[in-house]
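Here is a friendly walk through one structure, written for someone who likes to know the cut-offs behind each term. Please keep the sequence and the model open as you read.

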Amino acid sequence: MAKTTYTPEEQAILRKIYFRSHRCFMMFSMAKMEANCFTMCMQPVIESLYPDDREEQKASYLRHQAFFNTHTSPFTFIAGLTYAMEKERKEGKVDAQTIDNVKAALMGPTAGMFDSFWFNAIRVIAAGIAIGLCSQGNFLGTILFILLYGVTQSIAKWFLLQAGYNLGTSFIDTVFNSGLVNVLTKCASLVGLTMVGAMTANMVNVPLNWTVSTGAGDVVVADIINGIFPGLLGVILVFVLVRLIKKGFRPTQLIAGIFAIALLGALLKIF
């Protein structure tokens with residue numbers, strides 16, 4: 001396989017993305033998770049593509065501030081792919097919605113795959129070796145754990161970044177030239193919506209504990225609702241929060257509001 005040759009500008013941008021990606025959890029927030037770090041990684045890309053267009057820069061930064069979360073290793077793969085797609089967008093080959101859909105579609109599967117590999121396999125193996133050495137008073141165990149679990153992830157991030165960038169450039173060119181760009185956009189949109197729906201079902205829970213006394217006994221309202229539409233309360237909550245965000249409410253305000261309602265509901269024995 002021929003080695004990919006990068007221009008000096010591409011090399012500089014890829015290096016910046018790589019080093020900035022290591023600050024992923026330094027900039028982590030519960031509202032948007034890894035979105036802050038992803039936006040910072042895209043900064044050199046955006047400023048390179050639109051050096052004099054402040055409005056386009058602002059719009060691009062805002063777009064990348066959307067919720068994003070995956071394992072830190074494939075984080076760079078998606079960042080490299082996004083870098084390539086942002087270049088194609090500048091040339092009119094893809095639109096911003098396609099980029100957002102691809103990001104949303106990839107973050108779930110890559111998180112599941114790499115979480116299992118690093119957390120359940122490499123970390124367990126590295127910890128087993130390290131604990132065996134440390135239990136004997138050998139400081140080498142600590143160093144080996146860092147090397148086997150930490151340094152290997154850092155190395156993987158660099159190769160995944162290049163793989164994402166190379167794949168993005170060649171793949172998008174192929175899709176565009178074959179006329180399948182509309183199919184790509186539609187598929188990415190469907191997968192992205194599916195992932196958002198799955199995350200809503202798994203992560204959003206409204207623990208309604210409200211019971212109504214009848215002649216036949218107590219009726220749990222949540223059981224009736226879930227019998228009609230499982231998870232309906234969580235879906236309603238998500239749509240209400242999205243609506244409030246569109247009206248200008250900040251995520252921190254919404255979190256404080258949910259906290260206050262939850263406390264009040266607990267006192268009234270509704271939750």
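Is Phe117 buried, partly exposed or exposed? With a relative accessible area of 43%, Phe117 is partly exposed. Here, buried means under 20% relative accessible area, exposed means over 50%, and partly exposed is in between, using a 1.4 Å probe and protein chains only.

## Ground rules and confidence

This is a predicted model, in which local features need pLDDT of at least 70 and side-chain atom pairs count only at pLDDT 80 or more, while totals for chains, interfaces and linings use all residues. Residues are numbered from 1 along each chain as its sequence is written, and side-chain values use heavy atoms, with hydrogens and water left out.

The pLDDT score is the predictor's confidence in each residue, from 0 to 100. The protein has a mean pLDDT of 81, with 85% of its residues at 70 or more. Confidence is highest in H2, at 91, and lowest in helix H7 (residues 181-203), where the mean is 65. Where pLDDT is low, the predicted coordinates should not be read in detail.

## Overall layout

Ten helices and two strands make up the secondary structure of the protein. Helices (H or I, at least four residues) and strands (E, at least two) are DSSP runs, numbered from the N terminus. From that end, the order of elements is α-α-α-α-α-α-α-β-β-α-α-α.

Of the 271 residues in the protein, 33% are buried. Among contacts with a separation of 6 or more, 69% join residues 24 or more positions apart; a contact means heavy atoms within 4.5 Å. The accessible surface is about 16100 Å², and carbon and sulfur atoms hold 68% of that surface. These areas come from the Shrake-Rupley method with a 1.4 Å probe, and for residues only the protein chains shown count as cover.

## Two helices checked by length

The expected span of a helix is 1.5 Å times one less than its number of residues. Helix H1 (residues 8-21) has 14 residues and should span 20 Å at 1.5 Å a residue, which agrees with the 20 Å between its end C-alpha atoms. The buried residues of H1 are Glu10, Ile13, Leu14, Ile17, Tyr18, Arg20 and Ser21. An α-helix has 3.6 residues a turn, so residues three or four places apart point the same way.

Helix H9 (residues 232-246), with 15 residues, reaches 21 Å from its first C-alpha to its last, close to the expected 21 Å. Just after H9, Gly248 has a positive phi of about 110°.

## The nonpolar cores

A nonpolar core is a set of buried Ala, Val, Leu, Ile, Met, Phe, Trp, Tyr and Cys residues joined through side-chain atoms within 4.5 Å. The largest one has 30 residues, and Ile17, Phe38, Met42, Val45, Phe75 and Tyr83 touch the most other members. Two or more residues of this core come from each of H1, helix H2 (35-49), helix H4 (72-90), helix H5 (96-134) and helix H6 (140-178). H2 gives the largest share, seven residues.

Leaving aside residues up to four places away in sequence, Met42 touches Ile17, His64, Ala79, Thr82 and Tyr83. Apart from this core lies another, of five residues, including Leu81, Met85, Ile99 and Val102.

## Residues worth a click

Ser60 lies in helix H3 (residues 54-64) and is buried, at 0% relative accessibility. With residues up to four places away not counted, Ser60 touches Ile46, Tyr50 and Arg89.

Met33 sits in the loop between H1 and H2 and has a positive phi of about 55° although it is not a glycine. Most residues other than glycine have a negative phi, and most peptide bonds are trans. Met33 counts as buried, at 10% relative accessibility.

## Aromatic pairs

Nine aromatic pairs turn up in the whole structure. Rings of Phe, Tyr and Trp (its six-membered ring) pair if their centres lie within 6.5 Å; planes under 30 degrees apart count as stacked, over 60 as edge-to-face and the rest as tilted. Phe25 and Phe28 form a tilted pair, 5.7 Å centre to centre with 35° between the planes. Phe25 is exposed, at 56%, and Phe28 is partly exposed, at 30%.

Phe117 and Trp118 form an edge-to-face pair, with 5.2 Å between centres and 80° between planes. Trp118 counts as buried, at 7% relative accessibility. Ring pairs also link Tyr18, Phe19 and Trp158 into a cluster.
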